[in-house]
Amino acid sequence: GSEGDTYDSWDEVPEDVRSPILRLGKFAFDKLQAQCLVFSESELRVTGVFRQATELGLLVACDRTAKDKVKQWRFSHLILLENLAAKYVFCCGPMTSGKIVRLVESL
């Protein structure tokens with residue numbers, strides 16, 4: 001997809017756009033499930049979309065760093081973390097509805 005493209009449904013989104021969103025969504029889902037809102041750059045680089053996510057403003061550096069001076073990152077807003085995680089769950093379905101309810105109740 002090129003910049004400014006719009007789509008009527010998720011099925012129309014090209015794979016080169018869909019894949020990074022789902023990789024970041026899986027990362028967001030895993031972190032949300034672990035109740036971890038701040039993460040290291042090395043954790044983010046594993047997703048393969050660190051550069052794109054920071055350039056788009058989805059991720060921002062935290063004001064303070066960890067004790068070991070590792071730069072820490074977070075999603076620019078909690079709703080982005082939740083939305084990407086939800087998109088991942090909806091598209092990839094790693095959980096049953098009962099597990100999702102228990103996860104939400106645990107937050």
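Predicted model: local features only at pLDDT ≥ 70, side-chain atom pairs only at ≥ 80, totals over all residues.
User: In what order do the elements of the chain run from the N terminus on?
Analyst: Helices (H or I, at least four residues) and strands (E, at least two) are DSSP runs, numbered from the N terminus. The chain has five helices and three strands, and from the N terminus on the order of these elements is α-β-α-α-β-β-α-α.

User: What percentage of the residues of the chain count as buried?
Analyst: A residue is called buried under 20% relative accessible area, exposed over 50% and partly exposed in between, with a 1.4 Å probe and protein chains only. Of the 107 residues of the chain, the part that counts as buried is 28%.

User: How are α1 and α4 oriented to each other?
Analyst: Two packed helices are described by the angle between their axes and the distance between the axes; here the axes are lines fitted to C-alpha atoms, for helices over the stretch in contact, and angles run from 0 to 180 degrees between N-to-C directions. Helix α1 (residues 15-33) and helix α4 (residues 78-92) pack at about 110°, with their axes 7 Å apart. Angles under 35 degrees count as roughly parallel, over 145 as roughly antiparallel, 65 to 115 as roughly perpendicular and the rest as oblique. The two helices α1 and α4 are therefore roughly perpendicular.

User: How do the residues of the contact of α1 with α4 divide into nonpolar, polar and charged?
Analyst: Contact means heavy atoms within 4.5 Å, and among the residues that make it are Leu24, Ala28 and Phe29 of α1 and Leu84, Ala85 and Tyr88 of α4. Ala, Val, Leu, Ile, Met, Phe, Trp, Tyr, Cys and Pro count as nonpolar, Asp, Glu, Lys and Arg as charged, and the others, Gly among them, as polar. The residues of this contact divide into 13 nonpolar, one polar and two charged.

User: Which residues does Leu24 contact, leaving aside neighbours within four places in sequence?
Analyst: Leu24 has its place in helix α1 and is buried, with a relative accessible area of 4%. The C-alpha atoms of Leu24 and Ala85 are separated by 8.1 Å, although these residues are 61 residues apart along the chain. Leaving aside neighbours within four places in sequence, Leu24 is in contact with Val49, Ala53, Leu58, Phe75 and Leu84.

User: Is Lys31 buried or exposed?
Analyst: Lys31 lies in helix α1 and, not counting residues up to four places away in sequence, touches Cys36, Phe39 and Glu43. At 14% relative accessibility, Lys31 counts as buried.

User: Which residue in β3 stands opposite Val60?
Analyst: Val60, placed in strand β2, is partly exposed, with a relative accessible area of 26%. The C-alpha atoms of Val60 and Phe75 are 6.1 Å apart, but Phe75 is the bridge partner of Leu59. The residue that stands opposite Val60 in β3 is Arg74.

User: How many disulfides does the count come to?
Analyst: A disulfide is a pair of cysteine sulfur atoms within 2.5 Å. For Cys62, which is buried at 17% relative accessible area, the nearest cysteine sulfur is that of Cys36, 9.9 Å away. The sulfur of Cys91 is 6.0 Å from the closest cysteine sulfur, in Cys92, too far for a bond. The count of disulfides comes to zero.

User: What is the phi of Gln35?
Analyst: Most residues other than glycine have a negative phi. Gln35 lies in the loop between α1 and β1 (39-40) and is exposed, with a relative accessible area of 52%. Although Gln35 is not a glycine, its phi is positive, at about 55°.

How values were computed:
Residues numbered from 1 in each chain as written. Heavy atoms only, no water. Pairing = 2+ DSSP bridges.
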